[in-house]
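Please look over the sequence and the structure shown below before reading on. The paragraphs that follow move from the whole chain to single residues.

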Amino acid sequence: AARIIQNMDPTADPCKDFYQYACGGWLNRHVIPETSSRYSIFDILRDELEIILKGVLETSEQGDREAFQKAKILYKSCMNESLIEQRDSLPLLEALTMVGDWPVASADWNKTKEPNWSMEEKLSIMNSRFNKRVLIDMFVWNDDRDSSRHIIYIDQPSLGMPSRDYYFNGGNYQRVREAYLQFMITIAKMIREDKNMSKDDSFVQEEMAKVMELETEIAN
């Protein structure tokens, strides 16, 4: 009760500005950090929880259950920046190999990869190995018609950019769209360089423009 009262502004007239009356105390005592676009009690709780989790993940592994051991291994792998720098793009190249390579970063993909490339197989690998849904989202959830059972749901996945607006609207949306395309081009060039392939900027630009066109059609 004391916390709720502290977050209110009793000097405001609730009939004129109910938001100020209910939340004025919170607004006066909290400033949105420069690193955030929002700030609420849930953000505070998340920050506090991350400190607790950091402490748990950095403790020794004596007698831990398997799930805890895996979490600590994952945390250490992310914190080992020298090894990350040493491995460079190798993990990404290995992941690309698993999903059938990337035509824009392959010299002869149409000849060597395409004949044996199966969309159904690659979509299942992306889902099961990388938890990435492409073209189709598939998940198991409660049946809306019978809550005692679970069923398979098939849905549309999220787009590459946050919403459909980014693919069609002008202004800031267009600037983000242009940066998004440039980002794809930059990554493709980097991978080609890491695979000791020729630069071929025009080819990369054309291929990524096709990707953007496909994403736009899907968004539509």
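According to an unreviewed UniProt entry, residues 14–220 carry the feature "domain: Peptidase M13 N-terminal". UniProt positions are given in the numbering used here, feature names are shortened, and annotations may be inferred rather than shown by experiment.

The model is predicted: local features need pLDDT of at least 70 and side-chain atom pairs count only at pLDDT 80 or more, while totals for chains, interfaces and linings use all residues. Residues are numbered from 1 along each chain as its sequence is written, and side-chain values use heavy atoms, with hydrogens and water left out.

Consider first the protein as a whole. It has 11 helices and two strands, and along the sequence they follow the pattern α-α-α-α-α-α-α-α-β-β-α-α-α. The radius of gyration is 24 Å, well over the 17 Å that the globule rule gives for 220 residues, so the protein is more spread out than a compact globule. This radius is taken over C-alpha atoms, and the globule rule is 2.2 Å times the number of residues to the power 0.38. Along its principal axes, the C-alpha trace spans about 75 × 55 × 50 Å. Buried residues make up 19% of the 220 residues; buried means under 20% relative accessible area, exposed over 50%, and partly exposed in between (1.4 Å probe, protein chains only).

The next subject is the pair of strands. Strand E1 covers residues 137–143, and strand E2 covers residues 146–155. The two run antiparallel and are joined by seven bridges; strands pair if DSSP finds at least two bridges between them. A hairpin of two residues connects E1 to E2. Within this pairing, Phe139 has Tyr153 in E2 as its bridge partner.

Asp143 lies in E1. Is this residue buried or exposed? Asp143 is buried, because its relative accessible area is 6%. Its side chain makes a polar contact of 2.7 Å with the side chain of Arg149. Such a contact is a pair of N or O atoms within 3.5 Å; within protein, one must be able to donate a hydrogen and the other to accept it, and residues adjacent in sequence count only if both atoms are side-chain atoms. Leaving aside neighbours within four places in sequence, Asp143 is in contact (heavy atoms within 4.5 Å) with Arg149, His150, Ile151 and Tyr153.

Leu135, in the loop between helix H8 (119–130) and E1, has a positive phi near 70° although it is not glycine. Its relative accessibility of 41% makes it partly exposed. Asn196, in the loop between helix H10 (172–194) and helix H11 (201–219), also is not a glycine and has a positive phi of about 55°. At 73% relative accessibility, Asn196 is exposed.

Finally, the cysteines may be examined. The whole structure holds zero disulfides, a disulfide being a pair of cysteine sulfur atoms within 2.5 Å. The closest cysteine sulfur to that of Cys15 belongs to Cys23 and is 16 Å away, which is too far for a bond. Cys15 is exposed at 76% relative accessibility, whereas Cys78 is partly exposed at 48%.

Methods
Helices (H or I, at least four residues) and strands (E, at least two) are DSSP runs, numbered from the N terminus.
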